[in-house]
Amino acid sequence: MAAFLEALEPVRLTATLEAAERLENDREAALKQWRLDVERAAFAVNRAERRYCAVDPDNRLVARRLEQEWEEALRALEAAKAELARREEQRPRVLSATEREKLLALGADLASVWHAPTTTPRDRKELLRTLLDEVTLHVDRDEAAAHLVLRWKGDATSRLTVALPRSRPATVRTDEDTLALLRRLAPHYPDAVIAGVLNRQGRRTAYGHRFDANRVGYLRKHWKIPACKAKPPAADGDIVTVRQAAAALGVAPSTLHRHLNDGLIQGEQVTPGAPWRIRLTAELKARFLATPGDGFEPIRDAMDNLGLSRQVVLQRVKRGELESVHVVRGQRKGLWIKTIDQNPSLFEQIP
């Protein structure tokens, strides 16, 4: 665009018009030579015709040769006339004085026309076609540049060098789903635990590696995700891991996992594969005792007394229809169910 407007500056337009005029003069000189060729061919035809007409008709061999020369001269004349006509047809039309003045005035205002909002891309292409005759392009990959030679109407040329956009490698980054999960896990777990969760879910780093504490830490820092920090004790109980809860309650972690699976205690997982977290409330601690209270018996005895299966007994405990405690010591430690109140004696009135 800049080269186009530069080529249409009044000074350059004047120079281009003068160059076109010089080119027209050169073409006129060339046409003069072709006109002379036509005149010479016409003279040769006339001479051959006179020689043919002057020969004795009885001298047939000479007459036949002169007739052939006459025909050859006629063919040469037709070829010269056709070439002259072709070259005259290719000659560009010379601008009149009025057209020359309008073109020079247009060059001064063309920049505003080019940038006008009403000028469409198609209009700009048409403007370029009216002035450009040929474009030669050479791409230099080493320099990441394209060298252009613009040949304008009237044989004026301009040279441009345009920088090529350098290709950038595709950005390698961790997928958004993994980042979203990291943001959910980071407030609750240290980097090593998070790495284990991500690996158990089959997730990988942006380069296809397994996660470890260092890679999780780098990922957090890059995306400015805060690390897990110790929280002050909560009024309704701290949220702890299964191992921490088991140590506080005096049972094995496997016991708590079994109670979680049976639905006897509540826990939470941030995502599948993440460690269970349990809120260590006073109510939960009260359900893990060294000795059971009155009316409690081991779950197997409760199953026999109630005539129910283990699954049904556990379902009634989850619904709150039966009370349960976990005895943590002694030979009969484990889950105890309160059933005595559920079976009234003969002296109690059944409502």
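This is a short chat about a predicted protein model.

Student: What should I keep in mind about the model?
Tutor: It is predicted, so to speak of local features takes pLDDT of at least 70, side-chain atom pairs count only at pLDDT 80 or more, and totals for chains, interfaces and linings use all residues. Residues are numbered from 1 along each chain as its sequence is written, and side-chain values use heavy atoms, with hydrogens and water left out.

Student: How many helices and strands does the protein chain have?
Tutor: There are 13 helices and nine strands, taken as DSSP runs (helices H or I, at least four residues; strands E, at least two) numbered from the N terminus.

Student: And what share of the residues is buried?
Tutor: Of the 351 residues, 29% are buried, meaning under 20% relative accessible area with a 1.4 Å probe, protein chains only.

Student: Switching to N199: where is N199, and is N199 buried or exposed?
Tutor: N199 lies in helix α7 (residues 191–200). N199 counts as buried because its relative accessibility is 13%.

Student: Which residues does N199 touch?
Tutor: Leaving aside residues up to four places away in sequence, N199 touches R204, R210 and F211; contact means heavy atoms within 4.5 Å.

Student: New topic: how do α9 and α10 cross?
Tutor: The axes of α9 (residues 242–249) and α10 (residues 253–262) come within 8 Å and cross at roughly 110 degrees. That makes α9 roughly perpendicular to α10, a label for angles of 65 to 115 degrees. Axes are lines fitted to C-alpha atoms over the stretch in contact, with angles from 0 to 180 degrees between N-to-C directions.

Student: Which residues meet there?
Tutor: V242, R243, A245, A246 and L249 in α9 meet P253, L256, H257 and L260 in α10.

Technical notes: Buried < 20%, exposed > 50% of the residue type's maximum accessible area, 1.4 Å probe, protein only. Parallel < 35°, antiparallel > 145°, perpendicular 65-115°, else oblique.
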